[in-house]
Amino acid sequence: MTRMAVSPLGDEIVYARLHDPPALAPYLVIVLRHLESGREKELAQAPLPGGGLQFTPDGDFLLWGDGVGQTLKTEPWAEETERLAAAPGRQLAISGSGRYLWIDGQLLRDTLPLVDFPKVAGAEFVPGTDWLMVRSAKRTFFYSGLEGASPSSATVPASPKLLRLRKWRSLGIIDQDEFQTYRATLLEQ
């Protein structure tokens, strides 16, 4: 289970911070931190033991598990969350295109269950390919041919202008709507 994840552009991290108030049960706070500006934003709370954390390939969304029974997808700057699966989300992985998800031993395509892998230790999508690496206690298996798993050519590159926009958003200089507008302009260039 991953308690911290780095954004694909390398400018933000998300992590789970323990909050243990004296009169209440302890819980985790999911926190997004912009590395250059140092600004933090609390995104959600989760019961212990919590689940995994994973950015989507474009860095715009966060997948996270509550560790109990829900895997969620949050757009941190729009403060919108949707439920992806009725699973604790302890093991999370996402393909380069974002089309395939791995949630607790189940492979999903376009959020629909595709295959269950019982008794596996975890899985990762091999960056830049259509391969899924699945680990069991004693072996590692590679599955290829996952149609549409590799990154899209429409992925926004990590340009200095985009990184500056993301920093401004973290500082509150621009809001999410302005960020989206400016980012769309960057794509047109």
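Lys119 is exposed, with a relative accessible area of 82%, where exposed means over 50%, buried under 20% and partly exposed in between (1.4 Å probe, protein chains only). This residue lies in the loop between β12 and β13; helices (H or I, at least four residues) and strands (E, at least two) are DSSP runs, numbered from the N terminus. The phi angle of Lys119 is near 55 degrees, a positive value in a residue other than glycine. The model is predicted, so to speak of local features requires pLDDT of at least 70, side-chain atom pairs count only at pLDDT 80 or more, and totals for chains, interfaces and linings use all residues. Residues are numbered from 1 along each chain as its sequence is written, and side-chain values use heavy atoms, with hydrogens and water left out.Thr111 also has a positive phi, near 65 degrees, in a residue other than glycine. Thr111 is found in the loop between β11 (106-109) and β12 and, at 41% relative accessibility, counts as partly exposed. In another loop, between β4 (40-47) and β5 (53-55), sits Pro49, which is joined to Leu48 by a cis peptide bond with omega of about 10 degrees.

Turning to the aromatic residues, the structure holds 3 aromatic pairs, a pair being rings of Phe, Tyr and Trp (its six-membered ring) with centres within 6.5 Å; planes under 30 degrees apart count as stacked, over 60 as edge-to-face and the rest as tilted. The rings of Trp102 and Phe117 have centres 5.3 Å apart and planes at 45 degrees, so this pair is tilted. The pair links distant parts of the chain, as Trp102 is in strand β10 and Phe117 in the loop between β12 (112-116) and β13 (122-125), 15 residues apart. Trp102 counts as buried at 1% relative accessibility, and Phe117 counts as buried at 14%. Ring pairs link Trp102, Phe117 and Tyr143 into a cluster.

Ser95 is buried as well, with a relative accessible area of 0%, in the loop between β9 (92-94) and β10 (100-103). Leaving aside residues up to four places away in sequence, Ser95 touches Pro57, Tyr100, Phe125 and Ala149, where contact means heavy atoms within 4.5 Å.

The axes of helix α1 (residues 160-171) and helix α2 (residues 176-188) come within 10 Å and cross at roughly 175 degrees. Axes are lines fitted to C-alpha atoms, for helices over the stretch in contact, and angles run from 0 to 180 degrees between N-to-C directions. The two helices α1 and α2 are therefore roughly antiparallel to each other (angles over 145 degrees; under 35 is roughly parallel, 65 to 115 roughly perpendicular and the rest oblique). In α1, Lys161, Leu162, Leu165, Arg166 and Arg169 meet Gln176, Phe179, Tyr182, Arg183 and Leu186 in α2. The charged end of Arg169 sits over the ring of Phe179, 4.0 Å from its centre, the criterion being NZ of Lys or CZ of Arg within 6 Å of the ring centre and within 35 degrees of the ring normal.
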